[in-house]
Amino acid sequence: MAAPVPALDDSVVFERTELDERSWFDLARGWVTDSGEVYDALTGTIPWRQGSVYRYEKYRDEPRVSAWCPSNQPVPHPVFKRMQQALQQRYRVFFDGFALSWYRDGNDCVGFHRDSDLRYCENTVIAIATFGAQRPWLLRPTGARNRFTDELQGATHDLAPAGGDLLVMGGRSQRGWEHSVPMVRGAARAKAGRISASWRWTSRTGKPEIGPGSRAPLLYSNGGRA
């Protein structure tokens with residue numbers, strides 16, 4: 001019997017949540033069927049890259065690995081072509097490719113940040129498809145107090161996408177909101193491998209971001225930012 005072929009489930013409901021008057025996110029649970037096959041294919045075929053950032057006088061490996069898939073190159077799995085076409089049609093935008101991030105276990109993570117490197121954040125569409133384990137995925141208002149004694153660190157939403165789920169942030173969400181993938185603790189840590197595919201678009205309208213992006217160096221000598 002032939003193995004199931006990953007596909008898009010056109011019957012799933014896109015549930016929209018309004019974060020504020022100009023920011024929103026959509027959730028489509030189970031949008032990609034048989035997503036485990038996609039996860040297995042990506043872990044074994046992608047030339048993953050280990051990035052680094054300058055943090056407090058030292059280059060440090062990012063706690064995840066990544067890859068970039070431009071639109072003019074073959075996709076790593078046939079379902080990605082269908083995903084990008086469906087997203088462009090639904091949201092009426094154009095994506096020039098997508099990024100892949102592999103959180104190899106529960107130690108891999110990314111802290112709260114905005115996609116401020118887009119520079120124009122007043123009107124954006126950020127689509128993220130998840131493959132592999134279900135992980136916390138937190139949202140909080142920009143400027144929320146970072147309460148280190150609180151595991152959610154001021155987050156107001158945990159979208160917790162599982163394999164095959166799609167989440168899409170839009171409007172002013174990259175100006176007024178921050179998101180993160182925190183570490184996983186306890187026995188589940190070793191089994192928490194997750195790959196995200198992300199498509200990003202900006203209208204390039206409104207007031208541009210000023211100052212360094214989220215990947216800018218952090219230095220002791222100036223209190224943090226370079």
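A residue counts as buried under 20% relative accessible area, as exposed over 50%, and as partly exposed in between. The model is a predicted one.

**Stop 1: R189**

Select R189, in the loop between β12 (177-181) and β13. Is R189 buried, partly exposed or exposed? Its relative accessible area is 23%, so R189 is partly exposed, since that value falls between the cut-offs of 20% and 50%.

D105 and R189 are 84 residues apart along the chain, but their C-alpha atoms are separated by 6.0 Å. Leaving aside neighbours within four places in sequence, R189 is in contact with D105, G106, N107, M183 and V184. Show the side chains of R189 and N107: a polar contact of 2.6 Å joins them.

**Stop 2: W48 and W102**

Next, look at ring pairs. The model has seven aromatic pairs. One of them is formed by W48 and W102, with 5.4 Å from centre to centre and 45° between the planes, which makes the pair tilted. What does this pair tie together? W48 lies in the loop between α1 (35-45) and β3 (52-54), and W102 lies in strand β6 (residues 97-103), so the pair ties together parts that are 54 residues apart in sequence. W48 counts as buried, at 19% relative accessibility. W102 also counts as buried, at 18%.

**Stop 3: F98 and W199**

Stay with β6 and select F98, then W199. These two form a tilted aromatic pair, 5.2 Å centre to centre with 40° between the planes. The pair links distant parts of the chain, since F98 is in strand β6 and W199 is in strand β13 (residues 194-202), 101 residues apart. Both F98 and W199 are buried.

**Stop 4: the largest nonpolar core**

Keep W199 selected and show what surrounds it. Beyond its neighbours within four places in sequence, W199 is in contact with several residues, including F80, M83, L87, F98 and V125. Which residues of the largest nonpolar core touch the most other members? Of its 34 residues, they are W31, F80, M83, L100 and W199. Elements that give two or more residues to this core include β2 (23-28), α1, α2 (78-91), β6 and β13. The largest share, five residues, comes from α2. Apart from this core lies another, of 16 residues, among them L19, F25, C121 and I128.

**Stop 5: the β1 and β2 hairpin**

Select strand β1 (residues 15-20) together with β2. The two strands run antiparallel and are joined by five bridges. They form a hairpin with two residues between them.

**Stop 6: arginines over rings**

Select R90 and F14. R90 lies over the face of F14, 3.6 Å from the ring centre. Then select R140 and F112, where R140 lies over the ring face at 3.9 Å from the centre.

**Stop 7: H113**

Finish at H113, in strand β7 (residues 110-113). H113 is buried, with a relative accessible area of 17%. Show G111 as well: its backbone oxygen lies 2.8 Å from a polar atom of the H113 side chain.

Terms used. Residues are numbered from 1 along each chain as its sequence is written. This is a predicted model: local features need pLDDT of at least 70, side-chain atom pairs count only at pLDDT 80 or more; totals for chains, interfaces and linings use all residues. Side-chain values use heavy atoms; hydrogens and water are left out. Rings of Phe, Tyr and Trp (its six-membered ring) pair if their centres lie within 6.5 Å; planes under 30 degrees apart count as stacked, over 60 as edge-to-face and the rest as tilted. Helices (H or I, at least four residues) and strands (E, at least two) are DSSP runs, numbered from the N terminus. Buried means under 20% relative accessible area, exposed over 50%, partly exposed in between (1.4 Å probe, protein chains only). A charge sits over a ring if NZ of Lys or CZ of Arg is within 6 Å of the ring centre and within 35 degrees of the ring normal. A nonpolar core is a set of buried Ala, Val, Leu, Ile, Met, Phe, Trp, Tyr and Cys residues joined through side-chain atoms within 4.5 Å. Contact means heavy atoms within 4.5 Å. A polar contact is a pair of N or O atoms within 3.5 Å; within protein, one must be able to donate a hydrogen and the other to accept it, and residues adjacent in sequence count only if both atoms are side-chain atoms. Two strands pair if DSSP finds at least two bridges between them.
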